[in-house]
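This briefing walks through a structure by topic, moving from helix packing to domains, the chain contact and backbone geometry. Please keep the sequence and the coordinates at hand while reading.

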Amino acid sequence: MNTLKKYSFLILALSVFVSCKKDKDPVANNINLHFNNTFKDKTIVLGDAASSTATVNASANGQVHHFSELKYVISNIRVIKADGTAIPYNINNLDEGATVINQAKAQSLDYVLGNIPVGEYKQIKFGLGVKADLNTLNEAKFPKFYAAAGANDTKMMWEWGAGYRFTKIEGFYDTDNKTLSIHTGSTVEGTNGDEATYTQGVDAYRDITLSLPKLAVVGKNAPKITIKADFDKLLSGKTNTIALGGDNAVPSVHTAVNMVKYVDNLGGNGTSDLSGMFSIASVKN
Amino acid sequence: MKKIVFLTALFCTLYACKRDDIAAPFKFDNPEISLKIPEGFPTLNNAIENNKPTKYGVQLGEKLFHDTRLSANNTVSCASCHKQGNAFADNNIQALGIEGRVGLRNVPPIQNMAFMKFYNWDGAKLALENQVLVPIITHEEMNSSILEVVDKIKNDSEYKVLFKKAFGDDAVKQERIYRSIAQYEYTLISANSKYDRVKLKGEQFTESEARGYQAFKVKCESCHSTELFTDQSFRNVGFPLNPSTEEAGRARVSGAEADFMRFRVPSLRNAEYTAPYGSFGQFATLMDVLDYFDKSVLDADNLDPILKQNGNRIPLSAQEKQDIISFIKTLSDKDFVGR
């Protein structure tokens, strides 16, 4: 009995010591990402054709539109320390490092980056979509992400392209609520990830770089970074101004035709524009 | 000490005996099958270099090709749409998948795939190994997933034997499914039609077939060239348009406006068995196709220049049409379709 007591005390002391140490000096903590999907500054409310509550936006061309469905894939996340060191977050593991943001599911708008080394961070980079070398619908390799993307209420697969959909937007435009349906994804063929071998197709993956307005400090606290995705840019982007149903855009994009215009608006053109519709709304330490 | 040595020796001996008894050494003997390349055919697709058909790989692929467990509700196999009697196509207007779901396009025949550079109507795939997954997961086709398929067949003793013979161990893996089905498809070579025998073995065309061949050379061969009877290019020939927003022809893949509603020129081998015709089965018969070309096709900015130069049509007399169809029927390979 005596021995047991002794041991219990020791274990207790040890746990206290360990927890103290953790409290005082963590080596890593979370970064909480929150995605706020908006039309300009208004958070989007989804709705069907006749909805009176859906957020309605007007394009630069004066075309009103609203969405009934809004989803996109975020992957290849990297956070950059003040000194320039990049901390990749499971960038080659879709199960642990990629997610489908779905405006219809509130919990999908928050994504926690776990185990980020303590320090000060000045920048975040991520991909809109899935980079080519992972965009193969490999169920055996990434069963979690495959299941999440393929779920009946998500449908983020482009089966014929044997890849994921990167964005899926359903909605209505003009005052008579004509159907709008814009899907993006990649159709590149070649040795995955090796651009020199690409023989055909379009890569709809876009790498996003966002500088933080103030340093995010990972330490005792986990910072929260709110990323704004302004879908006003879909039709009225930095790269293209699109008039739906006009000469330059069919309102239903389910193939690579016309797709790149939307991709460049949403995710930037990869050269002069590396942010597309994304910006940092706030950093809370 | 002696005792221990003795015991150890005894144990080793016993152990060795036992091992020999249960695991008779598996001799991995799976010879490559050399593909017979018919005279005048184009060169092999490069993908074959990395996936050479083997005796058991092909056997395994054939079994998988005919297995309805590849579909979610075990009703549809590859062979349900790709029927041998129809040159591994079928006679439906558009493909029919599980629960009677209608696909986007007409089922293409699976023949002479080893010599093709592009697969599908839009050339979305350049290697058969990458195509296998597509029908398995497509909602309108098999609506399954590759792990679902693996789960269903992994304990099947016949498959275990075949996977072992084909790949050295009995693990049922996705890549092995892709590779073996592709291997089987590489062996589906059709080159024993009357046309081939006329060319190589001195058989004679009938008068109508001979006239048809001459007319074919003038009116059809610019696109349906080579011994495959396709130049494997993508062209907009002004056929009636598929109204689905999923359809853009070659542009679905390339994204280029210039490729809008361009489709891969289909081979005419075994065309007799693959009605209806066109990317979504627009034409019930070969005569319908020729009548349409004769009358006039739909105009488009990217309509094929050959048609544009001829006033958006291919003028054909009634006699020419009959004769061309007679000739096309000489491309039928009865051995290949098992008729």
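At what angle do helix H9 (residues 207–219) of chain B and H13(B) pack, and how far apart are their axes? In this predicted model, the two helices pack at an angle of about 100°, and their axes are 7 Å apart. The points below begin with that pair and then turn to other parts of the model.

**Helix H9 against helix H13 in chain B**
- Given an angle of about 100°, H9(B) is therefore roughly perpendicular to H13(B).
- On the side of H9(B), the contact is made by Ser208(B), Glu209(B), Arg211(B), Gly212(B), Tyr213(B), Ala215(B) and Phe216(B), while H13(B) contributes Glu320(B), Gln322(B), Asp323(B), Ile324(B), Ser326(B) and Phe327(B).
- Sorted by class, the residues of this contact of H9(B) with H13(B) comprise 5 nonpolar, 4 polar and 4 charged.

**Helix H11 against helix H13 in chain B**
- Helix H11 (residues 286–295) of chain B also packs with helix H13 (residues 318–329) of chain B, their axes coming within 10 Å and crossing at roughly 135°, and H11(B) and H13(B) are therefore oblique to each other.
- The crossing in which H11(B) passes H13(B) is right-handed.
- Leu286(B), Met287(B) and Leu290(B) are the residues of H11(B) that meet H13(B), where their partners are Lys321(B), Ile324(B), Ile325(B) and Ile328(B).
- The class division of the contact of H11(B) with H13(B) is 6 nonpolar, no polar and 1 charged residues.
- Ile324(B) takes part in the contact of H13(B) with H9(B), and Ile324(B) is also listed in the contact of H13(B) with H11(B).

**Helix H2 against helix H6 in chain B**
- Helix H2 (residues 55–65) of chain B packs with helix H6 (residues 157–167) of chain B at an angle of about 145°, the axes being 8 Å apart, and H2(B) passes H6(B) in a left-handed crossing.
- From H2(B), the residues Tyr56(B), Gly57(B), Gln59(B), Leu60(B) and Lys63(B) meet Leu162(B), Phe163(B), Lys165(B) and Ala166(B) of H6(B).
- In the contact of H2(B) with H6(B) there are 5 nonpolar, 2 polar and 2 charged residues.

**Domains of chain B**
- Chain B is divided into domain 1, covering 46–186, and domain 2, covering 194–337, and the C-alpha centres of these two domains of chain B lie 27 Å apart.
- Their contact takes 22 residues from domain 1 of chain B and 25 residues from domain 2 of chain B, and the side of domain 1 that touches domain 2 divides into 10 nonpolar, 9 polar and 3 charged residues.
- An unreviewed UniProt entry places the feature "domain: Cytochrome c" at residues 207–332 of chain B.
- Over residues 207–332 of chain B, the end C-alpha atoms lie 18 Å apart, and the span is 35% helix and 3% strand.

**Contact between chains A and B**
- This contact takes 21 residues from chain B and 21 residues from chain A.
- On the side of chain B that touches chain A, helix H4 (133–137), helix H5 (146–153) and helix H10 (251–254) of chain B each supply at least two residues, and H10(B) gives the most, with 4 residues.
- That side of chain B divides into 11 nonpolar, 7 polar and 3 charged residues.

**Backbone geometry**
- Ala275(B) and Pro276(B) are joined by a cis peptide bond with omega of about -5°, and Pro276(B) lies in the loop between strand E2 (263–264) and H11 of chain B.
- In chain A, Ala162(A) has a positive phi of about 50° although it is not a glycine, and Ala162(A) is placed in the loop between strand E9 (157–158) and strand E10 (163–173) of chain A.

Technical notes:
Residues are numbered from 1 along each chain as its sequence is written. Chains are lettered from A and ligands numbered from 1 in the order in which they are written. This is a predicted model: local features need pLDDT of at least 70, side-chain atom pairs count only at pLDDT 80 or more; totals for chains, interfaces and linings use all residues. Two residues are in contact if their C-beta atoms, placed from the backbone, lie within 7 Å. Ala, Val, Leu, Ile, Met, Phe, Trp, Tyr, Cys and Pro count as nonpolar, Asp, Glu, Lys and Arg as charged, and the others, Gly among them, as polar. Axes are lines fitted to C-alpha atoms, for helices over the stretch in contact, and angles run from 0 to 180 degrees between N-to-C directions. Angles under 35 degrees count as roughly parallel, over 145 as roughly antiparallel, 65 to 115 as roughly perpendicular and the rest as oblique. A crossing is left-handed if the near helix is turned anticlockwise from the far one by less than a right angle, and right-handed if clockwise. UniProt positions are given in the numbering used here, feature names are shortened, and annotations may be inferred rather than shown by experiment. Domain bounds come from an automatic or database domain assignment.
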